[in-house]
Amino acid sequence: MRSYLEFEKPVADLEGKVQELKTLAESGEAVNVDEEINKLQDKSATALKALYLELTPWQKTQVARHPDRPHAEDYISRLISDFTPLAGDRNYAEDHALIAGLGRFRGQSVAVLGQEKGNDTKSRLHRNFGMARPEGYRKAVRIMDMADRFGLPVISFVDTAGAYPGVGAEERGQAEAIARSTEKCLNLTVPNISLVIGEGGSGGAIAIATANHVAMLEHAIYSVISPEAGASILWRDSAKAQEAANNMKITAQDLLRLKVIDEIINEPIGGAHRARDTVIDRAGTTIEKALARLSELDASGLKSQRREKFLAIGRSLG
């Protein structure tokens, strides 16, 4: 069954009625309900379009967290052929919140990083809800080192509420691991492309998203802190998360204007979860175009372009 967000209730009601009529028709108890079904489907499509044309930042936050939204594993399985996962940071342990490995993107060898939240209770616990520990970021550095050595472009899929804030993670150097991963991104001599596909949360996201080209799905969010945590700090009340989201400039549209990201990937009406393959294919097209453009730069040019890109953030608004 399809999951609906709170603000989608009008659409849920209409689509529920459509399903009831279809079930009734299949049972043979109704003479002909096709016309009524068509009317309700048209009405539902119109209502859905109206909702998604005027989403608030908080509603976009809910869409970005939708349980049916495609995750890093989905992008990798559809876009990366011959994918070989590589595990461990060669220092402490394997971190399942961050997928890393080598594969081919449309015939070109690449290194891949992806934050994976999981899609059911078991996998979410296994993936620690996409919140990487220090060993996850050290694994990312190891893979980027390998990519640099063998001249492989790096593609990353960002989807995390943030780095894991547990005591053990802090004891093992969480801040230092994030900083080293960010530093490695900045100093790569190969093209680096990052896609924010759901949540881009704080340092946990920037650690693998400091790229030559940063694209963001239309209803994804990207921020220095989650709306709930921001509300807790500003107003000492996490219930004011909606107010925080509306003021934090976390949407793709705001961030493109601020030059934090370079491109917005359009989602179908209703969000990425309603047409998963379509969205993933659009992401593939974005990656392909970015790779083609960045391949014209040498190692020095790539580092310089990346540096200037991040130094220019917000400059035009000063």
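This is a predicted model: local features need pLDDT of at least 70, side-chain atom pairs count only at pLDDT 80 or more; totals for chains, interfaces and linings use all residues.

Colleague: How many cavities of 30 Å³ or more does a search of the whole structure find?
Modeller: The search covers the whole structure. The largest cavity has a volume of about 50 Å³. The number of cavities of 30 Å³ or more is one.

Colleague: Which element gives the largest share of the lining of the largest cavity?
Modeller: Residues that line the largest cavity include Glu199, Gly200, Gly201, Ile221 and Ser223. Two elements give two or more residues each, β5 (192–201) and β7 (221–223). The largest share is three residues, and they come from β5.

Colleague: What is the volume of the largest pocket?
Modeller: Its lining includes Arg2, Tyr4, Glu15 and Gln41. By class, that lining has three nonpolar, three polar and three charged residues. The volume of the largest pocket is about 180 Å³.

Colleague: Which helix gives the most to the lining of the largest pocket?
Modeller: Two helices each supply at least two residues, α1 (9–27) and α2 (34–52). With four residues, the one that gives the most is α1.

Colleague: How many charged residues line the second largest pocket?
Modeller: This pocket has a volume of about 150 Å³. Among its lining residues are Arg65, Lys117, Asp159 and Glu199. The lining also has three nonpolar and three polar residues. The charged count is six.

Colleague: Is Lys139 buried or exposed?
Modeller: Lys139 meets Glu94 in a salt bridge, 3.1 Å from N to O. The pair links distant parts of the chain: Lys139 sits in helix α6, and Glu94 in the loop between β1 and β2. Glu94 is partly exposed, at 30% relative accessible area. Lys139 has a relative accessible area of 1%, so it counts as buried.

Colleague: Why are Arg180 and Glu176 separated by about one helical turn?
Modeller: Arg180 and Glu176 form a salt bridge, with the closest N and O atoms 3.1 Å apart. Both residues are partly exposed, Arg180 at 47% and Glu176 at 37%. They are about one turn apart because they are four residues apart in helix α8.

Colleague: Which residues are linked in a network of salt bridges?
Modeller: The structure holds 20 salt bridges. One of them joins Asp13 and Lys9, both in helix α1. The network links Arg65, Lys117, Asp159, Glu199 and Glu228.

Terms used. Residues are numbered from 1 along each chain as its sequence is written. Side-chain values use heavy atoms; hydrogens and water are left out. On a 1 Å grid over the protein atoms alone, a cavity is a set of points where a 1.4 Å probe fits but cannot get out, and a pocket is an open set with protein on both sides within 12 Å along at least five of seven lines; lining residues have an atom within 4 Å of a point. Grid points are joined across faces, edges and corners, and a volume is the space filled by probe spheres set on the points. Ala, Val, Leu, Ile, Met, Phe, Trp, Tyr, Cys and Pro count as nonpolar, Asp, Glu, Lys and Arg as charged, and the others, Gly among them, as polar. A salt bridge is a side-chain nitrogen of Lys or Arg within 4 Å of a carboxyl oxygen of Asp or Glu. Buried means under 20% relative accessible area, exposed over 50%, partly exposed in between (1.4 Å probe, protein chains only).
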